[in-house]
Amino acid sequence: ATTEIYTLSLHDALPILIERIQNGEEFLSFTSIKEFAKSPSHFIRYKLTEKEETKAMKRGSFVHKAILLPKDFETEYAALLKSMLPNPESNFVNSANKKFKDAFEADCIANGKTMLTPAEYDLAIQMRDLANNNEVSGPILKSLTQREEELKWEFCGFKWHGHVDGKNNDLIIEIKTVGDVRPKKIKWEVEDNKWHWQQIGRAHV
C-alpha cells in the first residue's frame with residue numbers, strides 16, 4: 001500500500017502514511033510496533049522503506065517452510081548439491097559441472113524456485129528433523145490443524161495483520177531459532193525481541 005510513497009521525501013510522505021493508518025488503509029504489524037518501541041523515527045523509516053530480504057529473513061523463511069510445510073519446501077526451494085554433479089569430485093571449473101550448474105540455475109528461475117546453498121539446505125533438513133522427532137515438539141507439530149495462517153484484526157482502533165506459524169484447538173505456536181537454549185537466555189531473547197507482544201495482539205483476533 002505504501003509503494004507509491006517510497007520515492008517521496010519524509011516530509012511529504014509522513015502525512016500520507018499517518019492518514020492511511022488512521023483510515024485503515026495501512027496495516028500495523030508486530031514488526032512495525034517493535035520498530036516504534038525503538039523510536040517513532042524507526043517506525044516511520046520502517047514503514048516508508050522498501051524491504052530487502054536479509055540472510056536472517058531468508059533463513060527464517062526456509063526453516064519455517066521445511067518444518068511446517070515440507071512439501072512446499074521441496075517445491076519452492078532447491079539446492080545444488082555436490083552429489084548431483086556429473087563429476088562430484090571436481091569443482092565448477094570442470095566444463096560438465098559448469099554446464100550442469102548453469103542449467104540447474106536456469107531451471108530454478110524458470111520454475112520460480114529459490115536457490116539455497118548446500119549449507120542452507122542441510123540446515124533446513126536438520127531443523128525439520130529435529131523439530132519433528134523431538135518428544136515435545138514432534139507431537140505438537142503433528143496435532144496442528146492450521147499452518148502458516150495469515151491473520152487480520154482490529155485493536156485499539158487500528159487494523160493489524162500478521163501470521164501464525166501453527167495452531168490447534170489448544171495452542172498457538174511460533175517457531176523461533178536461537179543460539180542458546182538455556183532458560184535464562186531464552187527469557188532474555190523473548191523480552192529483547194518482544195516475542196510476547198505477538199501473543200498479546202493475537203488474543204484480540
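The face of helix H7 turned away from its buried side carries the exposed residues Ala119, Leu130 and Asn133. This is a predicted model.

**Helix H7**

- H7 runs over residues 118-133 and has 16 residues.
- From first C-alpha to last, H7 reaches 22 Å, close to the 22 Å expected at 1.5 Å a residue.
- Its buried residues are Glu120, Ala124, Ile125 and Ala131.
- These four cover an arc of only 135° around the axis, so they sit on the same side of H7.
- What covers them includes helix H4 (55-68) and helix H5 (70-76).
- Strand S2 (114-116) and helix H8 (137-143) are also among the covering elements.

**Helix H4**

- H4 has 14 residues.
- Its first and last C-alpha atoms are 20 Å apart, close to the 20 Å expected at 1.5 Å a residue.
- Buried residues in H4 include Lys58, Phe62, Val63 and His64.
- Lys65, Ala66, Ile67 and Leu68 of H4 are buried as well.

**Aromatic pairs**

- The structure holds six aromatic pairs.
- One of them joins Phe62 and Tyr77: the ring centres are 6.4 Å apart and the planes stand at 75°, so the pair is edge-to-face.
- This pair links distant parts of the chain, with Phe62 in helix H4 and Tyr77 in strand S1 (residues 77-79), 15 residues apart.
- Phe62 and Tyr77 are both buried.
- Trp153 and Trp160 form a stacked pair, at 6.4 Å centre to centre and 10° between the planes.
- Trp153 and Trp160 are both buried.
- One aromatic cluster is formed by Phe62, Phe73, Tyr77 and Tyr121.

**Charges over rings**

- Lys101 lies over the face of Phe92, at 5.6 Å from the ring centre.
- Lys194 has its charged end over the ring of Trp197, 5.5 Å from the centre of that ring.

**Strand pairing**

- Strand S3 (residues 146-155) pairs with strand S4 (residues 158-167) in the antiparallel sense.
- Nine bridges connect S3 and S4.
- Phe155 has Phe158 in S4 as its bridge partner.
- Glu154 has Lys159 in S4 as its bridge partner.
- The hairpin of S3 and S4 has two residues between the strands.
- In that hairpin, Cys156 takes a positive phi near 55°.
- S4 also pairs with strand S5 (residues 172-173), again in the antiparallel sense, over two bridges.
- S4 and S5 form a hairpin with four residues between them.
- Gly166 stands opposite Ile173 in S5.
- In a regular strand, side chains alternate between the two faces of the sheet.

**Ser29**

- Ser29 is placed in the loop between helix H1 (10-23) and helix H2 (30-38).
- The relative accessible area of Ser29 is 10%, so this residue counts as buried, the cut-off being under 20%.
- Leaving aside neighbours within four places in sequence, Ser29 is in contact with Tyr46, Trp160 and His161.

**Cys108**

- Cys108 is found in helix H6 (residues 95-110).
- Cys108 is buried, with a relative accessible area of 3%.
- Its contacts, leaving aside neighbours within four places in sequence, are Ala78, Lys113 and Met115.
- Cys108 and Glu148 lie 40 residues apart along the chain, and their C-alpha atoms are separated by 24 Å.

Terms used: Residues numbered from 1 in each chain as written. Predicted model: local features only at pLDDT ≥ 70, side-chain atom pairs only at ≥ 80, totals over all residues. Heavy atoms only, no water. Expected span 1.5 Å × (residues − 1). Buried < 20%, exposed > 50% of the residue type's maximum accessible area, 1.4 Å probe, protein only. Arc of directions from axis to C-beta. Contact = heavy atoms within 4.5 Å. Phe/Tyr/Trp six-rings, centres within 6.5 Å; stacked < 30°, edge-to-face > 60°. Lys NZ or Arg CZ within 6 Å of the ring centre and 35° of its normal. Pairing = 2+ DSSP bridges.
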